[in-house]
Amino acid sequence: MPQSGTPQPVTPQPLSQPVPHPALSAADPELAALVGAEEQLQSDTLRLIPSENYVSAAVLEATGTVLQNKYSEGYAGRRYYEGQQNIDRVETLAVERAKAVFGVEHANVQPYSGSPANLAAYLAFAEPGDTVLGMALPMGGHLTHGWGVSATGKWFRGVQYGVRPDTALIDFDEVRDLARKERPKIIFCGGTAVPRTIDFAAFGEIAREVDAVLVADIAHIAGLIAGGAHPSPVPHADVISTTTHKTLRGPRGAMLMSRASHAKAVDKAVFPGLQGGPHNHTTAAIAVALREAAAPSFRDYAHAVVANAKALAEALLARGYDLVSGGTDNHLVLIDLTSKDVPGKVAAKALDRAGIVVNYNTVPFDPRKPFDPSGIRIGTPSLTSRGLGTDRMPLVAEWIDRSVQAAAKGDEEALTVIRTEVAELMAAYPAPGLPTA
Ligand SMILES: *Cc1c(COP(=O)(O)O)cnc(C)c1O
């Protein structure tokens with residue numbers, strides 16, 4: 001009997017089936033089993049969280065390379081460590097590809113994630129206590145746009161704009177009035193629950209009028225922009241902040257892009273202002289993802305993401321669902337479940353049991369509390385990456401509808417039936433990067 005705490009022997013695998021993660025399985029079977037279970041879950045379920053995706057096998061491999069072993073504080077050609085012959089070239093590739101894909105003069109690929117990237121923008125262009133203008137979190141904005149519980153709302157004076165009650169669209173009269181009255185150092189546009197096109201030109205005009213730095217946070221829509229399925233913030237924004245792991249379909253990471261005139265301020269803020277050594281394995285995977293994003297097939301993917309979201313929205317409307325702003329222009333649909341008498345959290349948990357992964361979300365002017373809001377947020381990047389097309393969206397809407405109805409009635413059996421149907425369909429659409437059965 002092995003003592004408790006000592007590793008259990010690994011179950012021998014039949015030779016015809018290679019162990020997916022042989023070293024990990026041998027060294028840490030417990031952890032390997034969890035990775036295997038997650039692979040199964042990502043394979044069997046319909047993943048509708050709009051900020052998630054499936055990266056390619058190439059991106060996945062890049063994140064698991066020995067580049068992870070290197071310390072590289074500084075930037076290519078000006079490092080504080082020796083041995084950067086290859087790392088400098090990796091980072092330069094990522095930077096040059098980012099500049100080409102997004103048509104920008106400067107790119108910094110070192111931010112660890114979207115939130116630190118935004119914090120670097122504050123460090124570059126504002127002082128603690130300065131006023132910043134961003135979209136309110138419950139209206140679709142991000143925590144880091146000056147919301148109270150975030151460091152950005154504690155260390156800076158966050159002023160927030162919202163959407164119009166009648167249209168759920170950004171109220172540019174409100175944005176302009178607030179900007180004129182509050183004179184923010186930075187204006188953030190973009191968000192996490194915005195189903196409509198961001199009017200970067202309108203924000204740019206307001207920012208110039210009040211002499212504010214406009215940061216376009218394209219975390220959610222970067223892939224759509226790269227693929228030509230959403231207008232670009234260039235040349236309206238001074239700085240563009242993005243994650244690399246959402247619609248852009250790269251590793252978990254972020255980038256800050258800007259005009260050449262802001263390059264120094266941006267770079268200084270990321271390092272040494274905020275971070276130490278860059279995550280070189282992530283940088284490599286960003287470079288791979290950007291190479292993929294430059295290929296013609298990525299344009300097809302980006303347009304398919306939007307076409308799927310529009311088709312899904314239509315099918316939900318046909319089933320009597322209320323959608324915030326009445327539909328979508330991008331990858332995201334925000335469903336207001338008030339008329340269905342099912343709270344967002346109850347619906348989200350029921351959908352999860354049915355093998356459909358979403359998140360509960362506030363809707364603008366939500367009468368319910370943020371941890372128990374009225375809506376669910378769904379999106380089409382992941383299912384598009386698996387190859388589902390618009391012809392499948394009526395079925396997806398049907399599953400959502402049946403799950404919500406089952407949630408209302410407490411019908412667990414119906415959820416189990418849907419889970420089987422979902423797994424059956426998903427088996428026909430193998431996910432990128434996952435081992436096939
Ligand atoms: C996801 C997101 C972020 C934060 O990204 P993390 O990588 O989760 O820190 C910032 N801004 C917007 C608009 C986002 O959607």
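Which residue carries the UniProt feature "modified residue: N6-(pyridoxal phosphate)lysine"? The record, an unreviewed entry, places this feature at K246. The model discussed here is predicted.

**The annotated lysine**

K246 lies in the loop between β9 (239-243) and β10 (254-258). Its relative accessible area is 11%. Buried means under 20%, so K246 counts as buried. Beyond its neighbours within four places in sequence, K246 is in contact with S51, N53, A219 and H220.

**Aromatic pairs**

A search of the whole structure finds 7 aromatic pairs. One of them joins Y71 and Y81. This pair is stacked, with 5.4 Å centre to centre and 20° between the planes. The two tyrosines come from distant parts of the chain, 10 residues apart. Y71 sits in the loop between α3 (57-63) and β2 (74-75). Y81 sits in the loop between β3 (78-79) and α4 (85-102). Y81 has a relative accessible area of 35%, so Y81 is partly exposed.

Ring pairs also build a cluster, made of Y122, F156 and F188.

**Charges over rings**

Two arginines are placed over tyrosine rings, as listed here.

| Arginine | Tyrosine ring | Distance to ring centre |
|---|---|---|
| R47 | Y54 | 4.4 Å |
| R249 | Y301 | 3.9 Å |

For R47, the charged end sits over the ring of Y54. R249 lies over the face of Y301.

How values were computed:
Residues are numbered from 1 along each chain as its sequence is written. This is a predicted model: local features need pLDDT of at least 70, side-chain atom pairs count only at pLDDT 80 or more; totals for chains, interfaces and linings use all residues. Side-chain values use heavy atoms; hydrogens and water are left out. Rings of Phe, Tyr and Trp (its six-membered ring) pair if their centres lie within 6.5 Å; planes under 30 degrees apart count as stacked, over 60 as edge-to-face and the rest as tilted. Helices (H or I, at least four residues) and strands (E, at least two) are DSSP runs, numbered from the N terminus. Buried means under 20% relative accessible area, exposed over 50%, partly exposed in between (1.4 Å probe, protein chains only). A charge sits over a ring if NZ of Lys or CZ of Arg is within 6 Å of the ring centre and within 35 degrees of the ring normal. UniProt positions are given in the numbering used here, feature names are shortened, and annotations may be inferred rather than shown by experiment. Contact means heavy atoms within 4.5 Å.
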